Amino acid sequence: HNRPVLTQHFSIYPNHMSEAPVSGFQPQGILMSKALLKQMIDANYPMVEYGKGVWLYDTEGRAYLDGSSGAMTANIGHGVPEIAQAVARQMEKISFSYRTQFTNAPAEELADRLAAIAPGDLDYAFFVNSGSEASEHAIRVVLHVWRERGQPGKQKILGRERSYHGMTMGALSMSGHDLRRKDYGSLLHAFPAVPPSYCYRCPWGKRPESCGMDCAEAWHEAIQSAGPENVAAIIVEPIVGAAGGVIMPTTGYLCRLREICDENNVLMILDEVITGMGRTGSWFAADWAEVVPDVLTFGKGLSAGYSPMAGLLLRAPLVESMRQNSGSAPFGHTFSNNPLSAAACLAVQDYMIQNNVLDNVQARGKELEDGLRALARKYSFMADVRGRGLLWGFEFVSDPATREPPVAAKAVAARFGELCFDKGLIVYPSGVPPLNNAILLSPPLTITADETATLLEILGSALDDFDAAGALAI
């Protein structure tokens, strides 16, 4: 594949706290709209023309290896003809139906399939448009369930200090992402209450082999402080994504959270919008964590980016509480259970099963892990390689001995992301100041061994340049 070096500077990452873009890019023969609002308003983004597999091509013919699947979304890569064909067939039948007037076959089948592969008694599914909406609907579900059970006072939802559950107001209230929260002030609830399970930077200064799992016990303390009679649920990502750059939980952490919830009569929401649908090598992270949450949210990889679709899985007792009381579930959205999006999701699942994609995740994930660890041995400023399946991250540090992070104002992760982008590799800068120093890698689950080697080659080249330029002084 052609991977020419870009000479223009693009500021493609929001919230990176660096200076404004300094040069422009105008695809030849295509007029950039003055009406389309961009994330960075005056930035000049390259215009994508098409994608094929793990590669994206702009209108200038430049190729980019999609090392982050966009935002951890394009799980089976771009331009898969089977998905386009399935969507076209569904469009010939019905593209939209309203859920209080009709049900539809694709949504019914998708719900059955997800319930079949979900752990435990997560037997019911409901579909929305995005991960943020899934988080919002999870709030409404747990509040509705406690009202149905005669405990309307249980209204608080506790989250973690370093987390991200979406940009809608309720989802952001549950998120410990200070950078994205800061503009909304009193409109948000102060739900984040507990430090993350973050072994590399343990808030208690302990080591995993002898920690006593204080990160889990902090949940018990937070629930007791709020009053169990007031707490409806806790929400956690099994692996912290955008807010931390793939922060892995210590062994047994999620199982202990399940126990704490049961001890305090609190529901457990597991946010698998990133980790679900094969990203970590199994259909859900709950599988390898050996935990069954009360509510499991999913999105992104569900449709692999071919159509907007996300949703929730609910344990049977929650639905029974609704059935035996009001007989109704929380109200949905106009496009909930959309047949066209559901057809796209079914086609993505078919493709994954027929092509043994989960096996590929495990094989390519080991190659990516080995390559990242080799690079970390070469570059002292590259620390704490962590992840599972095809979801990996690492941090930049100023001092490997003290684990001192770079000065937040340098925005080193965002700058490194731009350097990779210029070389034809897309990575995802992660973290929240003062720890905005992490890089997330999540290529399509269909990446080949050769493409994994190419990803590591370009990443290594970017690290070479980063080092030569003074690394963290860049």
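Ala, Val, Leu, Ile, Met, Phe, Trp, Tyr, Cys and Pro count as nonpolar, Asp, Glu, Lys and Arg as charged, and the others, Gly among them, as polar. The model is predicted, so local features need pLDDT of at least 70 and side-chain atom pairs pLDDT 80 or more, while totals for chains, interfaces and linings use all residues. Residues are numbered from 1 along each chain as its sequence is written, and side-chain values use heavy atoms, without hydrogens and water.

**Exercise 1.** Characterise the lining of the second largest pocket by residue class and by contributing elements.

*Solution.*
1. Lining residues have an atom within 4 Å of a pocket grid point; 26 residues meet this for the second largest pocket.
2. By class, 15 are nonpolar, eight polar and three charged.
3. Tyr 124, Ala 125, Phe 126, Ala 329 and Asn 337 lie nearest the centre.
4. Among the elements (DSSP runs; helices H or I of at least four residues, strands E of at least two) that supply at least two lining residues each are H3 (105-117) and H4 (131-148). Strand S4 gives the most, with four residues.

**Exercise 2.** Determine how the buried residues of helix H7 are arranged about its axis.

*Solution.*
1. Buried means under 20% relative accessible area, and exposed over 50% (1.4 Å probe, protein chains only).
2. In H7, Cys 215, Ala 216, Ala 218, Trp 219, Ala 222, Ile 223 and Ala 226 are buried.
3. Seen down the axis, these buried residues fall within an arc of 145° (taken from the directions from the axis to the C-beta atoms), so they line one face of the helix.
4. On the other side, Glu 221 and Ser 225 are exposed.
5. Gly 227, with a positive phi near 95°, follows H7.

How values were computed:
On a 1 Å grid over the protein atoms alone, a cavity is a set of points where a 1.4 Å probe fits but cannot get out, and a pocket is an open set with protein on both sides within 12 Å along at least five of seven lines; lining residues have an atom within 4 Å of a point.
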